[in-house]
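Biologist: Could you walk me through this fold the way you would read it yourself? I would like to start with a helix contact and then move on to the sheet.

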Amino acid sequence: SPSLNTLKRCTSIRNSAGTFAPQFSIMADRTELSDIGEFGLIEHLTKGIELKNKSSIKGIGDDAAVIDRGDHVEVVSSDLLVEGVHFDLGYTPFKHLGYKAVVVNVSDICAMNAQPTHILVSIAVSNRFPVEVLDELYAGIKLACDTYEIDFVGGDTSTSTSGLMISVTAIGSADKDKIAYRSGAKDNDLVCVSGDLGAAYIGLQILEREKQIWKENPKVQPDLEGFDYVLERILKPEARKDVVTALAKNEIQPTSMIDISDGLGSELLHICKSSECGVRVYEDKLPIDPTTASQSKEFKMEPSVCAMNGGEDYELLFTVDQKDFEKVRAMEEVHIIGHITDKASGAAIIYPQGEEIEIKAQGWKSF
């Protein structure tokens, strides 16, 4: 029989008895998923896909798809959270998990400069979970719906033999001229970010540290005192719907936008690739909470490295025209951290001493 280490392809054929039987053929070439990564895999699997409906304005390649609904556009996004990959039930409360599952999808809708309106939730779960646990999960989902004023309109349930999986589809809407894509940044645009960065990553480090201590000695209780802010950032993040509302109120139209899920560095590179531009951001302009800064040093990490590569902040990264400088500067919790340059100059972070370091995607890697 073929080696178990060889990737096989199974096709169905009809045998002499008229029934279907599997036939295996050995694939001569094998490309490891780790060789191309998550975004390389997406590009590989979706190449050649063509949009056939006139209503499909934007398909794969942004934070959400965009569909023409006549007097407005509808935006749709979907995320899958898998136990052991995206969350650890050893330290993640089910209510927090349900809340976060909604937030990460709402964040994608906000990243299109749109307002979220509806969600659908599907779960795959094993019988190791009692109904009471799922009640907690859905209590978190419902709380997020109340917080963001969105309707929970459907979904699916299935059994699972490999842990808990949660899939959320989020739907939103916007005026046609208000949608922001990753591809609209232009030379000399200001680079802006909401909130602060790096806290979720530090919160994760603390949880992982305490988990290891507990595994070595189950009698030792976790020491989480004083870490409230960073723990909340990883366990119960918030989508920046308020920033989208504030931009509209101040009549500011972002030229490009993306949410920060994989780390600031990775998201900057997405904008550069889609907009065919370069970027310069300044290390001393990165918004980092004092708590994050002090606790990152306990882990012997530079705060700016956590901010650039940590991920799961779910803040908004966007660019605006220079004419909106005064408006943006006056906005609460929005920080100007750099500017867009020509494509040939590449992407770099500039340190106070003048040193330029190339930005690389060193955040979350799926494979």
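**Reading the fold**

Modeller: Happy to. In this predicted model, helix H4 contributes Ala199, Ala200, Ile202, Gly203, Leu204, Ile206 and Leu207 to a contact with Tyr229, Val230, Leu231, Arg233, Ile234 and Leu235 of helix H5. By class, that contact holds eleven nonpolar residues, one polar and one charged.

Biologist: At what angle do H4 and H5 pack?

Modeller: Their axes make an angle of about 100° and lie 7 Å apart, for H4 spanning residues 199–216 and H5 spanning 228–235. An angle from 65 to 115 degrees counts as roughly perpendicular, so H4 is roughly perpendicular to H5.

Biologist: Now the sheet. What is the order of the strands in the open sheet of six?

Modeller: The general idea comes before the case: backbone hydrogen bonds pair the strands of a sheet, in either a parallel or an antiparallel way. Here the order runs S3-S4-S5-S8-S6-S7, and the pairing is mixed. S3 (56–58) and S7 (151–159) are the edge strands; each has a single partner, so one side of each lacks a neighbour in the sheet. On average, neighbouring strands are turned by 20° against each other, ignoring direction.

Biologist: In which sense do S5 and S8 pair, parallel or antiparallel?

Modeller: Antiparallel: S5 (residues 73–82) and S8 (residues 165–174) are joined over ten bridges.

Biologist: Which strands does helix H3 lie across?

Modeller: H3, residues 131–148, lies across S6 (115–125), S7 and S8, and it runs at about 170° to S6.

Biologist: Is isoleucine 150 buried or exposed?

Modeller: Buried means under 20% relative accessible area, and isoleucine 150 has 5%, so it is buried. Leaving out residues up to four places away in sequence, isoleucine 150 touches Val102, Val106, Pro116, Thr117, His118, Ile119, Ala144 and Cys145. Its C-alpha is also 9.1 Å from that of glycine 172, 22 residues away in sequence.

Biologist: And for the chain as a whole, how many helices and strands are there?

Modeller: The protein chain has ten helices and 15 strands. Of its 367 residues, 44% are buried. Among contacts with a separation of 6 or more, 80% join residues 24 or more positions apart. The accessible surface comes to about 19400 Å², with 51% of it belonging to carbon and sulfur atoms.

Definitions and conventions:
Residues numbered from 1 in each chain as written. Predicted model: local features only at pLDDT ≥ 70, side-chain atom pairs only at ≥ 80, totals over all residues. Heavy atoms only, no water. Pairing = 2+ DSSP bridges. Helix = DSSP H or I, 4+ residues; strand = E, 2+ residues; numbered from the N terminus. Axes fitted to C-alpha atoms, helices over the stretch in contact; angles between N-to-C directions. Contact = heavy atoms within 4.5 Å. Parallel < 35°, antiparallel > 145°, perpendicular 65-115°, else oblique. Nonpolar A, V, L, I, M, F, W, Y, C, P; charged D, E, K, R; others polar. Buried < 20%, exposed > 50% of the residue type's maximum accessible area, 1.4 Å probe, protein only. Areas by Shrake-Rupley, 256 points an atom, 1.4 Å probe, with all protein chains shown as cover.
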